[in-house]
Amino acid sequence: MNANGTLRHLLSLENLPREVITEILDRAESFLSVGTRKAKKVPVLRGRSVFNLFFENSTRTRTTFEIAAKRLSADVVNLDIATSSQSKGESLLDMIDNLVAMQADMLVVRHSHSGAAHMIAEHVPKGVHVINAGAGSHSHPTQGLLDAFTIRHFKKDFSKLKVVIIGDILHSRVARSQIHVLKALGVPEVRVVGPQTLVPESMSTMGVKVYNDVELALDGVDVVTALRLQNERMEASLVPSAQDFYQNYGLTKERLALADPEAIVMHPGPINRGVEIASEVADGGQSVILHQVTFGIAVRMAVMSLLVDS
Ligand code: CP
């Protein structure tokens, strides 16, 4: 945050004031209709240059950041990291200096190292904004915000909700960011559930209830988020097999029936059908998974517009 209370970078949802979160959700609401127009553009970022720097793979986040920036009329550059001069030994900060020399206004960064976006934010001059688009297992703030937007859209009031997050909590930046935003917005009960190897007891320090029994954890909840196994972050195999995980923790129709009948099903994607979620649930009437993707554009427009106001 700047000294005047405005937001210069978006790096994490930890300690982000409730008023700022609500301001982003409200702005996103106002940007939602832009996507339904024939001419899907507003001039908010006209003349600004946004650089997408994705050091890890992405479908949803990278593409929706690009669409969001273009809908705000920014000029967008998607750096192809694989063919960049990083492969010739250029350091991350030297690369950033060069993008700043190209008069970048905003850098959208996804990196496997939790501290990469913070390091870049500390390095860039005033006037350049950094958005964390997913950092290691640590945080994915715009995903947390679009999750909150989706919940508010379907459930209206956060103050009585029971929410459960199922799966690989240990490696999940999505879980951490969702917990931070829901706690800030006053959700009274957030549960996390998965095998002991994937749900650290220390999660309870974040104010959530830790479960290992998925049937108990689903009982009466209003919102269910399923998470995939992040095999790319596991140094050793932490579940016997994908089939075993599905048998014990997969979100099936029978298990979903334990939740409130009006419960919504969310997933940040990519989904692995038959591992963390059954196809009939992913494609079923309670699933809002593709709404999350659409809402992600408006939420990212809101974040970018808020940062340039600072
Ligand atoms: N939810 C999410 O971060 O998806 P991508 O990895 O496709 O960006």
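Is F149 buried or exposed? F149 counts as buried, because its relative accessibility is 1%; here buried means under 20% relative accessible area, exposed over 50% and partly exposed in between, with a 1.4 Å probe and protein chains only.

Before going further, a word on the model. It is predicted, so local features need pLDDT of at least 70 and side-chain atom pairs count only at pLDDT 80 or more, while totals for chains, interfaces and linings use all residues. Residues are numbered from 1 along each chain as its sequence is written, and side-chain values use heavy atoms, with hydrogens and water left out.

**Aromatic rings**

Let us stay with F149 for a moment. Rings of Phe, Tyr and Trp (its six-membered ring) pair if their centres lie within 6.5 Å, and planes under 30 degrees apart count as stacked, over 60 as edge-to-face and the rest as tilted. By this rule there are three aromatic pairs. In one of them, the ring centres of F149 and F295 are 5.1 Å apart and the planes stand at 65°, so this pair is edge-to-face. The pair links distant parts of the chain, with F149 in helix α5 (residues 141-155) and F295 in helix α11 (residues 289-308), 146 residues apart. Helices (H or I, at least four residues) and strands (E, at least two) are DSSP runs, numbered from the N terminus. F295 also counts as buried, at 5% relative accessibility. Ring pairs join F149, F154 and F295 into a cluster.

**The open sheet**

Now to the strands. Four of them form an open sheet with parallel pairing, in the order β2-β1-β3-β4; two strands pair if DSSP finds at least two bridges between them. β2 (75-79) and β4 (129-135) stand at the edges with a single partner strand each, so one side of each has no neighbour in the sheet. On average, neighbouring strands are turned by 15° against each other, direction ignored. Five bridges connect β3 (residues 106-111) and β4 in the parallel sense, and L107 stands opposite V130 in β4. Helix α4 (residues 116-123) lies across β3 and β4, running at about 170° to β4. Axes are lines fitted to C-alpha atoms, for helices over the stretch in contact, and angles run from 0 to 180 degrees between N-to-C directions.

**Around the ligand**

The residues around the ligand are S58, T59, R60, T61, R110, H140, Q143, P268 and G269, each having a heavy atom within 4 Å of it. The table gives polar contacts, that is, pairs of N or O atoms within 3.5 Å; within protein, one must be able to donate a hydrogen and the other to accept it, and residues adjacent in sequence count only if both atoms are side-chain atoms.

| Residue atom | Ligand atom | Distance |
|---|---|---|
| R60, backbone N or O | oxygen | 2.9 Å |
| Q143, side-chain N or O | nitrogen | 3.0 Å |
| G269, polar backbone atom | nitrogen | 3.5 Å |

R191 is found in strand β6 (residues 189-193) and is buried, with a relative accessible area of 5%. Its side chain makes a polar contact of 2.7 Å with the side chain of E189.

G250 sits in the loop between α8 (242-249) and α9 (253-256) and counts as buried at 0% relative accessibility. Neighbours within four places in sequence aside, G250 is in contact with F245, R255, V275 and E276, where contact means heavy atoms within 4.5 Å.
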